[in-house]
Amino acid sequence: MAVIVRAPARPLWWLGLLSAGAGAAMPWLVPGLVPGLTGRVLGLAVGGVLFVVAGAVAFLARRGRYTELAGGATRAGRAVFLQDRAVTARNWRRARRWWLAGAFAAATASSLAAPSAAGLAMAGAGAGLWAKALWLGGLERRSESLLWVRTERAQGSPVAAPVSGWFTTGLVAGDALPGGARRRGRPATGGAVVSAAR
């Protein structure tokens, strides 16, 4: 259930930190470059605020819809195959790799105006999504079941209006732990009927 919500968390976190670091270092990397319109200190201060705001928005967004679908989830049938978490996450990232690259480039370029601010906002969004994955993992542990969505919905938003419901399995199904972390030592399951999702 939490695999897709975790999928963008890591790249947003690391790309955001890299962009913020590049923005802070620009005056040293490019001699004579003025450290943005705001200056480095104010840029970092704005970035700190944006980090908190972006993290809170990512964590809180549509939580009611998540809770509603989790409460109405039905047991997956025996004929249902589970898609590996690694496949799900890789497909999601590949489909959005240019979006992530564009966001990184835009955040780094914006450091010419406010050093590090947009990069820290990206990192905050990644942190918020990671926290949401942990929250979803808590829902799964309390219900003692993993939550899944059909594969065709895994590349979009599994809380979108067309999604009518989720599936549940036992906690040992598939290769993902509650919260979307990889289950170590678990063999690949294959299949493509349902998929772990945010």
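Me: Contact here means heavy atoms within 4.5 Å. Leaving out residues up to four places away in sequence, what does Ala76 touch?

Reply: Ala76 touches Phe167, Thr168 and Thr169. Keep in mind that this is a predicted model, where local features need pLDDT of at least 70 and side-chain atom pairs count only at pLDDT 80 or more, while totals for chains, interfaces and linings use all residues. Residues are numbered from 1 along each chain as its sequence is written, and side-chain values use heavy atoms, with hydrogens and water left out.

Me: Where is Ala76 found?

Reply: Ala76 is in the loop between strand 1 (74–75) and strand 2 (82–83). Helices (H or I, at least four residues) and strands (E, at least two) are DSSP runs, numbered from the N terminus.

Me: Is Ala76 buried or exposed?

Reply: Buried, with a relative accessible area of 17%. The cut-offs are under 20% relative accessible area for buried, over 50% for exposed and partly exposed in between, with a 1.4 Å probe and protein chains only. The C-alpha atom of Ala76 is also 8.6 Å from that of Trp148, 72 residues apart along the chain.

Me: Step back a bit. How many helices and strands in the chain?

Reply: Eight helices and five strands. In sequence order the pattern is α-α-α-α-β-β-α-α-α-β-α-β-β.

Me: And what share of the chain's residues count as buried?

Reply: 45% of the 198 residues. Among contacts in the chain with a separation of 6 or more, 83% are between residues 24 or more positions apart.

Me: Now the helices. At what angle do the axes of helix 3 and helix 7 cross?

Reply: At roughly 25°, and the axes of helix 3 (residues 40–60) and helix 7 (residues 117–143) come within 7 Å. That makes helix 3 roughly parallel to helix 7. For angles, under 35 degrees counts as roughly parallel, over 145 as roughly antiparallel, 65 to 115 as roughly perpendicular and the rest as oblique. The axes are lines fitted to C-alpha atoms, for helices over the stretch in contact, and angles run from 0 to 180 degrees between N-to-C directions.

Me: Is the crossing of helix 3 and helix 7 right-handed or left-handed?

Reply: Right-handed. A crossing is right-handed if the near helix is turned clockwise from the far one by less than a right angle, and left-handed if anticlockwise. Residues making the contact include Gly43, Gly47, Phe51 and Phe59 of helix 3, and Ala117, Gly124, Lys132 and Trp135 of helix 7. By class the contact has 16 nonpolar, six polar and one charged. Ala, Val, Leu, Ile, Met, Phe, Trp, Tyr, Cys and Pro count as nonpolar, Asp, Glu, Lys and Arg as charged, and the others, Gly among them, as polar.

Me: How do helix 4 and helix 7 pack?

Reply: At an angle of about 25°, with their axes 12 Å apart. That makes helix 4 roughly parallel to helix 7, and helix 4 passes helix 7 in a right-handed crossing. Arg63, Tyr66 and Thr67 in helix 4 meet Lys132, Trp135 and Leu136 in helix 7. This contact has three nonpolar, one polar and two charged residues.

Me: Which residues of helix 4 are buried?

Reply: In helix 4 (residues 63–71), Arg65, Tyr66 and Leu69 are buried. Seen down the axis of helix 4, its buried residues fall within an arc of 100°, so they line one face of the helix. The arc is taken from the directions from the helix axis to the C-beta atoms. Helix 7 is included in what covers these buried residues of helix 4. The face turned away from the buried side carries the exposed residues Gly64, Glu68 and Gly71.

Me: What about Glu140, buried or exposed?

Reply: Buried, with a relative accessible area of 1%. Glu140 is in helix 7. Its C-alpha lies 8.0 Å from that of Leu171, 31 residues apart in sequence.

Me: Last topic, backbone. What is the phi of Arg62?

Reply: Positive, about 60°, although Arg62 is not a glycine. Most residues other than glycine have a negative phi. Arg62 lies in the loop between helix 3 and helix 4 and is partly exposed, with a relative accessible area of 46%.

Me: And the phi of Glu144, what is that?

Reply: Glu144 has a positive phi of about 55° and is not a glycine. Glu144 is in the loop between helix 7 and strand 3 (146–150), and is exposed with a relative accessible area of 59%.
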